[in-house]
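Here's a quick tour of a few backbone and side-chain details. Take a look at the structure first, then read on.

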Amino acid sequence: MRYGPMFGPDVTFLGVPPCTLEEPVTYADADVVIIGAPFDGGTSHRPGTRFGPSAIRQACYLPHDGSRPSLAMRVDGLRDLCVYDAGDVEMFSGDIERSLGALETAVHAVARAGAIPVVLGGDHSIALPDATGVARHHGLGRVSLVHFDAHADTGDIEFGSLHGHGQPMRRLIESGAVRGDRFLQIGLRGYWPGPETLAWMAAQRMRSYEMTELVARGLDTCLTEAFAIAVDECEGVFLSVDVDVVDPGMAPGTGTPEPGGLTSRQLLDAVRRVCYELPVVGLDVVEVAPPYDHADITAYLGNRVVLEALSAIARRRRDAAGGPPWNPHQPLLDAR
C-alpha cells in the first residue's frame, strides 16, 4: 500500500495523482515522479527540514487541481507532462545510513522506470542518494551535477560522521557516481569551507562560482559557461537546489542562512534555463525548514522552483517535438 507522508496530511504536490513506489504499474507512464525525503538527521545547525516536503507540496494559493499553466513558458508542466507523487520515503533521522539507502532505492526505481525523479527535501545529505540513484541508471560518471548553494558541501568528516548535509558532494565524487570535473557549483559565499577543503575541490577539478565572480561576470555568462561543461561527455544532468543559495531576506526558512545570495527571481530564471537548455534527468530541492520560515516565504519559493523546472522540461520536450521554439521576448498576449 502507498506509504504516504511521514508528517502532515497525505496530499500530493498541487493535486497531481498519487502513485506507489512498490507498485511500478502505478507510474509506468510517468514522465516525472515526485518523492518526499523528510530527513534532517544530517543537519549541522538548525533542524526542521523534515517538514519541508509537506510544506513544498502545499505552498500555493491556487486550487490544488493538478494544473499550473506557466505564463512565461506557455505550457502546463503538471499536465503536459505525466506527473505522479509517490509520497514520502520512510527516513528515520536517528539512522542516517538506513535512511539514505532507502532513498537511493526509491530514486533508482523511478529512474529505471524511465521517469525523472523530483525529490523534495529534507536536508542536503539527501543529494548523495538522489544523484547516486540516478547515476546507477544512466551510468556512473555519466551524469553531471549542477548545484545551487551557498555552501560547497564538500566537507569530509563532520561530528565523527562521513554523512551529513555538509558532505554529500565529496561522497558523490569519491564514490565515482559523479565526476569532479563535471561538478558545477553556483552561488557559494561566506566563510566555509576552509583552505584544506578548497584545495581538495581544486584537485577534483570542480568548478565553483562564488558570488563575487557571479556579480562581476554576470549570472547568465557564468551559467552559459557551466552548461558547456555539464554536457561534455555526460548523458544527463542532475540539478540540486539548496534554497539557501537565495539571500535569507527572501528565503529565511532554512537551517544555515548566509547573507548576500541570489534573489528569488535570479534562482527561478536560472532553474528555468537549466531545465530548458540541458537534459535534466533528476533534481532535488532541499533545506526548506518551515520552523524558521516567515509567512511561508521559503516554502513558496521551493514550490515555484519545482514548477519552474517542470514547466521548462515540458517546454523543452514540446520544442523538440517540432513546435515553434519558445521565445522569451514574446509579449504575454501575442498570438493568444
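Which residues does H124 touch, not counting residues up to four places away in sequence? Its contacts (heavy atoms within 4.5 Å) are H147, D149, D153, H165, P168, M169, S240, D242, D284, V286 and E287.

Before going further: this is a predicted model, where local features need pLDDT of at least 70, side-chain atom pairs count only at pLDDT 80 or more, and totals for chains, interfaces and linings use all residues. Residues are numbered from 1 along each chain as its sequence is written, and side-chain values use heavy atoms, leaving out hydrogens and water.

H124 sits in the loop between strand 3 (116-121) and helix 3 (127-138). Helices (H or I, at least four residues) and strands (E, at least two) are DSSP runs, numbered from the N terminus. H124 counts as buried because its relative accessibility is 0%. Buried means under 20% relative accessible area, exposed over 50%, and partly exposed in between (1.4 Å probe, protein chains only).

G122 is found in the loop between strand 3 and helix 3, while P193 lies between strand 5 (183-188) and helix 5 (195-203), also in a loop.

| Cis peptide bond | Omega |
|---|---|
| G121 to G122 | about 15 degrees |
| W192 to P193 | near 10 degrees |

Most residues other than glycine have a negative phi, and most peptide bonds are trans. L14, in the segment before strand 1 (32-37), has a positive phi near 55 degrees and is buried at 0% relative accessibility. A295 has a positive phi of about 55 degrees, but is exposed at 61%.
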